Amino acid sequence: MKYRIISAVAGILMIGITSVFSMYFSRAIVNREKYPLLGIDVSSYQGEIDWKLISNQGIKFAFIKATEGSGMTDDYIRQNLKNIADTDIYHSAYHFFSFDSAGETQADNYISVVGKNEINLPPVIDIEFYGDKFRNQPSRQEVYKILSPLTERLEKHYGVKPVIYTTSLLYFKYIINSEFSDYPLWIRNVNSEPLLIDWDFWQFSDKGLLEGYYGKEKYIDLNVYNGDEFKLVAEMYR
């Protein structure tokens, strides 16, 4: 009970602090000397991608959408995994988490699409509210019933804990003080550097502009890594 109270208070403080920052900063200010490794994440919205051109613009890592729920596959995942392999970009693929289907079948969906040798960073689970989930938020128990078998199956198959991507709100609601709190964390906050959170990857902008992608979305998500290249390589063996 003590930890739940602490996490709840921390969550409220975090949301409040983020709101204050968002009043003054339209986009997060990133200290690139502190966080020199720049990355992107993409999906079918970016269309065809020239990964060599992306690499030439200083991108060191990338997360590519692979699957969603228990049956959906991104239209460009095969092409992206094939072409990024010809670059020096560290990369993995992410799965968009569904609150509405079993964790086992979601894991099977991802595993059927992403080969062990096609990624050199851990697999990623993207957890965010969709549809009416913000108004009707699932309980921690409901989420864990799905997330636990999903993470366990991915970890067993790929031999490494998956990265969890989420927002500050969902982090304090579902991840903190849970069995998932020691998983690598990729946090989204486009207004300011995440506070009170020990993160590995930070998505700091959804308005990046690069050359080399040709889809209907003109922007691309930008991320930094909390460490150097040696530590990033070690993520695969964490």
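Which residues does Phe97 touch, not counting residues up to four places away in sequence? They are Gln106, Ile125, Asp126, Ile127, Tyr130, Val143, Ile146, Leu147 and Leu150, where touching, or contact, means heavy atoms within 4.5 Å.

Before going on, here is some background. This is a predicted model, in which local features need pLDDT of at least 70 and side-chain atom pairs count only at pLDDT 80 or more, while totals for chains, interfaces and linings use all residues. Residues are numbered from 1 along each chain as its sequence is written, and side-chain values use heavy atoms, with hydrogens and water left out.

**The chain as a whole**

The chain has 7 helices and 9 strands; these are DSSP runs numbered from the N terminus, with helices (H or I) of at least four residues and strands (E) of at least two. Of its 238 residues, 51% are buried. Buried means under 20% relative accessible area, exposed means over 50%, and partly exposed lies in between (1.4 Å probe, protein chains only).

**The cores**

Phe97 belongs to the largest nonpolar core, which has 56 residues. Such a core is a set of buried Ala, Val, Leu, Ile, Met, Phe, Trp, Tyr and Cys residues joined through side-chain atoms within 4.5 Å. Ile40, Trp51, Phe97 and Trp202 touch the most other members. Helix H5 gives this core its largest share, 7 residues. A second, separate core has 13 residues, including Phe63, Tyr90, Leu121 and Val124.

| Helix | Residues |
|---|---|
| H4 | 103–113 |
| H5 | 140–158 |
| H6 | 168–175 |

H4 and H5 pack at an angle of about 35 degrees, with their axes 7 Å apart. Axes here are lines fitted to C-alpha atoms over the stretch in contact, and angles run from 0 to 180 degrees between N-to-C directions. Among the residues that meet are Ala107, Tyr110 and Ile111 in H4, and Ile146, Leu150 and Leu154 in H5.

H6 is mostly covered, with 6 of its 8 residues buried: Ser168, Leu170, Tyr171, Phe172, Tyr174 and Ile175. After H6 comes Asn177, whose phi is positive, near 55 degrees.

**A loop residue**

Glu48 sits in the loop between strand S1 (38–42) and helix H2 (51–55). Is Glu48 buried or partly exposed? Glu48 counts as partly exposed because its relative accessibility is 47%. Leaving aside neighbours within four places in sequence, Glu48 is in contact with Tyr76, Gln79, Gly212, Tyr213 and Tyr214. Glu48 and Gly215 are 167 residues apart along the chain, yet their C-alpha atoms are separated by 6.4 Å.
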